[in-house]
Amino acid sequence: MTDKTPALRLEGIVKTFPGVRALDGVSFSVMPGEVHALMGENGAGKSTLMKVLGGIYQPEEGQIIVEEMPTVMTSPLQAKSKGIVFIHQELSLAEELTVAENIYLGELPRRSFGRVDWAKLYAQTDAILEKLKVGFNAKTIVGDLSIANQQMVEIARALTVDAKAVIFDEPTASLTDAEKVVLFDVISDLQSQGVGIIYISHRMEEIFKITDRISVLRDGSYRGTLETRATNEEEVTQLMIGRALDLSRNVSHHEMGDIALEVRGLSCGDLFKDVSFEVRRGEVLGFYGLVGAGRTEIAETLFGLRDPSAGTILLDGEEVRISSPADAIGKGISLVPEDRKGQGLVLGMNCRDNMTLPQVGNLSSGPFVATGAETDIFEKYKEKLDIRTPGWKQTVGNLSGGNQQKIVIGKWLSMHPKVLIVDEPTRGIDVGSKSEIHNLIRELAAQGYAVIVVSSEMPEVLHVSDRIVAMFSGKVMRTFTSEEVTEENLIQAISGIAATDKVA
Amino acid sequence: MASMSKADIGRILARQGILIAFAVFIIGFTLANERFLSPDNVMGVIRSSAILGVMALGVTFVVISGNLDLSVGSMMSFSTIVVLDLHDKIGPALAIPAMFAMTLCLGAFIGFLVGYLKLNSLIVTLGMLSAIHGLTLTYSGGQNMDIVDKEGTWFGVFGQGSALGIPVPILIFVALAALLGIVLAKTPFGRKVYAVGGNGTAATFSGIKRARVVFLCYVMSAFCVATAGLIQASRSLGSQNTVGQGLELDVLAAVILGGASLLGGSGTIFKTVIGVLILGFIQNGLLLVGLQFYVQFVVTWVIIILAVWLDIAAKRGKLWSNIA
């Protein structure tokens, strides 16, 4: 590869913010036709680097070189005109408009008197869509498409220019496995057309499946580039966090207590049907299945956010009806929600106030909030969960994903729930904090909490769960003990293959 | 450190813009007319800001909870007309609680629509602005309202009286500001208001009854409006039925000037009081330098735009956005 000219090269990029050296002389390059992974923990500098590349930040030192031409980036639009295109994790499409209008937004082909040349627009768009082999056409309304297909529209938009390098930022975050396959095909097509790809992701599996080289950032500085074929997950992780990571299966066993929560024949419309399970004190029960299998919906029903259409819920052997989150919390059921920023935290509030939010009404002396008691609770759980923050006054929005998640977990632990439900415990959290959260969940079980973990990451469920409920299209396919479960039979179960009838 | 870059200046302007602009106004007005900062004038400004101020206290709760209240102006007309009418019919001692009860019902109705039915607060309160205006006109038969025996009533004390040399409207404003300031900053309810405005979904997921919090904010706003109506009615012992017209924008301007975000979740009672005073002094200053009263309407608009712009600018850390 060294005999060719890099499609994009960054040299000695330095970017500082007051008090922080966010990027400390970062250099790396992408060859045409190469998929180059950029990895690093949250806060390592990946997004700052991308903002420099997109012209949102100006570096103090260093150069951006596009095909041997030093280039100053001033805005994402200008970067695009130089052939550097970003596919963001969060989509930026006008949902009411057609695919074609979205793709050529701002540069619609024109006829006389400024009229849009619709025929040309649709023809051009369909030509691009054909290259992507997608199942929709130029006239489809974007809002009617799945998330995965909307992402394809973003990619199609990138293809309208002569792209030299395309940057994918966590592109698979909201995709199903089947949709990922399509995305990877597109990436491989781009690759064969000689486009350089920068692929930012936390997901090792994908990285090892599709990339050629892996560059790692840590604390704002460049830590090296590895040939994907010649390395392994451990080596990459070590480079990212500076230590080895334990992702082995959970083996610790401890005494289980009584059944804390039992669910019999629970249904909620078409979302899930006839679901039965129980969790004991001291047990971690994992829920695993594809997106849309009904896992999150079960968690939401137990937390009072949805009304079940049938079935019973028993807490400590007594039948209960849960009418609202406030009701669930009062009865001892807590939920660490899937969407940390949207559902878990008030980002503009400080750490302490977020943590004590559910019990603020009870923590009062006279008519006032007992702020002293609040601070005590915060300090206690800050230490217990090893939350890294300068102090309770820190705005939660400024913390890293891992520390934010610990605040949400602390929020519920401080209320000593009977059942703790954790939906996607480590979504968007860097590798180092991930294992901390996993250990924490195990520790909570050891302390006697009944924990339900809902996850779409197989290694995670396998790692933390004592038993695993495999779901497919709203039904429980099978419940595995940690002795029975293997990756193979779990995959079969969640794909709707009747694993119970087969001998593994 | 020695020299500030253009970006730094932009950031400072964005953060402290309102105070800087206010300081420029004050210096300008003082140079133009030495009476501007005289004790009499200052007291006069605070006194005439009291009605607006009392209303702004309630609206602060509504805005922090992430909603709007554009109905306060016409609701204030309603309170004023009702209490004046009932004064002669059932006497002041009964008229006041009756008026408060009726105004609180209006607030509760809005709170029900916005909180429990989750209707958009802009639409609901804009509609109520008009509906309550109609209600007031119907109630009064389109007539202005006057107390017949102006000499023989103690009702004037709320608007005209003074204690310890301080006018009662100012005392009411200060006392209510202190009380509501404490409610907002120190009580569980206040904390919930911030949570609901900051992220309503997360508040719900934390077991906070969002609808109830929003409902109570509108009831509190109505309580403040009723108090403002009482002062207004008491001040002149008679009133036009459009007395509060247009005040909703002044109130909103004061709240935003104080720095409460229209997106909810931020702002304090103290800041609102500052916002009320800034607005009061600027409007007064414009009169003192000899501009027509009607210029105020335009200036108020300019101030709102300035405040909203600077609010956004402070969030992105610079005055202009690179992204169109």
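**Strands, helices and an interface**

In chain A, S4(A) and S5(A) form a hairpin with two residues between them, and Glu67(A) in the turn has a positive phi of about 45 degrees. Before I continue, this is a predicted model, in which local features need pLDDT of at least 70, side-chain atom pairs count only at pLDDT 80 or more, and totals for chains, interfaces and linings use all residues. Residues are numbered from 1 along each chain as its sequence is written, chains are lettered from A and ligands numbered from 1 in the order in which they are written, and side-chain values use heavy atoms, with hydrogens and water left out.

Helices (H or I, at least four residues) and strands (E, at least two) are DSSP runs, numbered from the N terminus. Two strands pair if DSSP finds at least two bridges between them. S4(A) and strand S5 (residues 69-71) of chain A run antiparallel and are joined by three bridges, with Ile64(A) partnered by Thr71(A) in S5(A). Strand S4 (residues 61-66) of chain A is also joined, by five bridges, to strand S1 (residues 8-17) of chain A, and these two run antiparallel. There, Val14(A) has Glu61(A) as its bridge partner in S4(A).

Further along chain A, an open sheet of four strands has the order S12-S11-S14-S15, with antiparallel pairing. Strand S12 (272-280) and strand S15 (318-320) of chain A each have a single partner strand, so one side of each is left without a neighbour in the sheet. Strand S11 (residues 259-268) of chain A pairs with S12(A) over six bridges in the antiparallel sense; Leu261(A) has Val279(A) as its bridge partner in S12(A).

Let us turn to chain B. How do the axes of H3(B) and H4(B) cross? The axes of helix H3 (residues 72-90) and helix H4 (residues 92-116) of chain B come within 8 Å and cross at roughly 150 degrees; axes are lines fitted to C-alpha atoms, for helices over the stretch in contact, and angles run from 0 to 180 degrees between N-to-C directions. H3(B) and H4(B) are therefore roughly antiparallel to each other, a term for angles over 145 degrees.

Finally, the interface: 18 residues of chain B are in contact (heavy atoms within 4.5 Å) with 29 residues of chain A. The area buried between chain B and chain A is about 1800 Å², of which carbon and sulfur atoms give 67%. Buried area is the accessible area (1.4 Å probe) that two parts lose on being put together, summed over both. Arg191(B), Phe205(B) and Ser206(B) supply 42% of the area that chain B buries against chain A, more than any other three residues.

Definitions and conventions: Angles under 35 degrees count as roughly parallel, over 145 as roughly antiparallel, 65 to 115 as roughly perpendicular and the rest as oblique.
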